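Open your viewer and get ready to click along. We will go from one selection to the next and look at what is there.

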Amino acid sequence: MWTLVAAHKAQRHRFRILTLIPDTGLITATTALTDLCELGPANAREIAALAGRAPMNRDSGTRRGVRAIRGGRPHMRNALCMGALSQIRKEGQAGAFYRRLVRDGMKPKVRSPR
């Protein structure tokens with residue numbers, strides 16, 4: 001994958017931008033560039049849905065189901081999941097934030113309400 005990214009100037013620039021994000025590793029950045037060609041023009045919600053990280057409704061009529069992440073592109077979803085698991089096990093900001101959310105009653109894998 002890296003040879004595909006390194007071959008194009010625009011992709012190398014996007015790669016540098018992605019790796020500037022704290023705790024974003026080489027594998028996650030490379031996977032994002034190769035699996036999400038919509039990364040530039042799409043907004044954050046669209047990218048979350050394409051990557052399989054957006055909570056989806058499971059409603060029918062008056063029944064309201066539990067929101068859960070599903071769908072999306074499997075390679076990107078797996079890369080993001082592995083990166084997140086790595087970060088929540090560390091003693092950094094991401095791990096502390098995750099532990100605080102779970103302690104306060106939020107279910108894992110669900111985005112906070114706004």
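This is a predicted model: local features need pLDDT of at least 70, side-chain atom pairs count only at pLDDT 80 or more; totals for chains, interfaces and linings use all residues.

Residues are numbered from 1 along each chain as its sequence is written, and side-chain values use heavy atoms, with hydrogens and water left out.

**Stop 1: two helices**

Select residues 26-35, helix H3, and residues 74-88, helix H5. Helices here are DSSP runs of H or I with at least four residues, numbered from the N terminus. The two axes come within 9 Å and cross at roughly 160°; axes are lines fitted to C-alpha atoms over the stretch in contact, and angles run from 0 to 180 degrees between N-to-C directions. H3 and H5 are therefore roughly antiparallel, a label for angles over 145 degrees.

Now show the side chains where they meet. H3 brings Thr28, Thr31, Ala32 and Asp35, while H5 brings His75, Met76, Ala79 and Leu80. Contact means heavy atoms within 4.5 Å.

**Stop 2: the core**

Next, select Val5, Phe15, Leu18, Ala29, Ala32, Leu33, Leu36, Ala42, Ile47, Ala51 and Met76: these 11 residues form the largest nonpolar core. Such a core is a set of buried Ala, Val, Leu, Ile, Met, Phe, Trp, Tyr and Cys residues joined through side-chain atoms within 4.5 Å. Which helix gives the most to this core? H3 does, with three residues. In soluble globular proteins, nonpolar side chains tend to be buried together.

Stay on Ala51 for a moment. Not counting residues up to four places away in sequence, Ala51 touches Gly72, Arg73, Met76, Arg77 and Leu80.

**Stop 3: Thr30**

Return to H3 and pick Thr30. Is Thr30 buried or exposed? Thr30 is buried, with a relative accessible area of 8%. Buried means under 20% relative accessible area, exposed over 50%, and partly exposed in between, using a 1.4 Å probe and protein chains only.

**Stop 4: Gln87 and Ala94**

Move to Gln87 in helix H5. Gln87 is buried, with a relative accessible area of 13%. Leaving out residues up to four places away in sequence, Gln87 touches Asp23, Ala94 and Gly95.

Finish at Ala94, in helix H6 (residues 93-103). Ala94 is partly exposed, at 31% relative accessible area.

Notes:
Angles under 35 degrees count as roughly parallel, over 145 as roughly antiparallel, 65 to 115 as roughly perpendicular and the rest as oblique.
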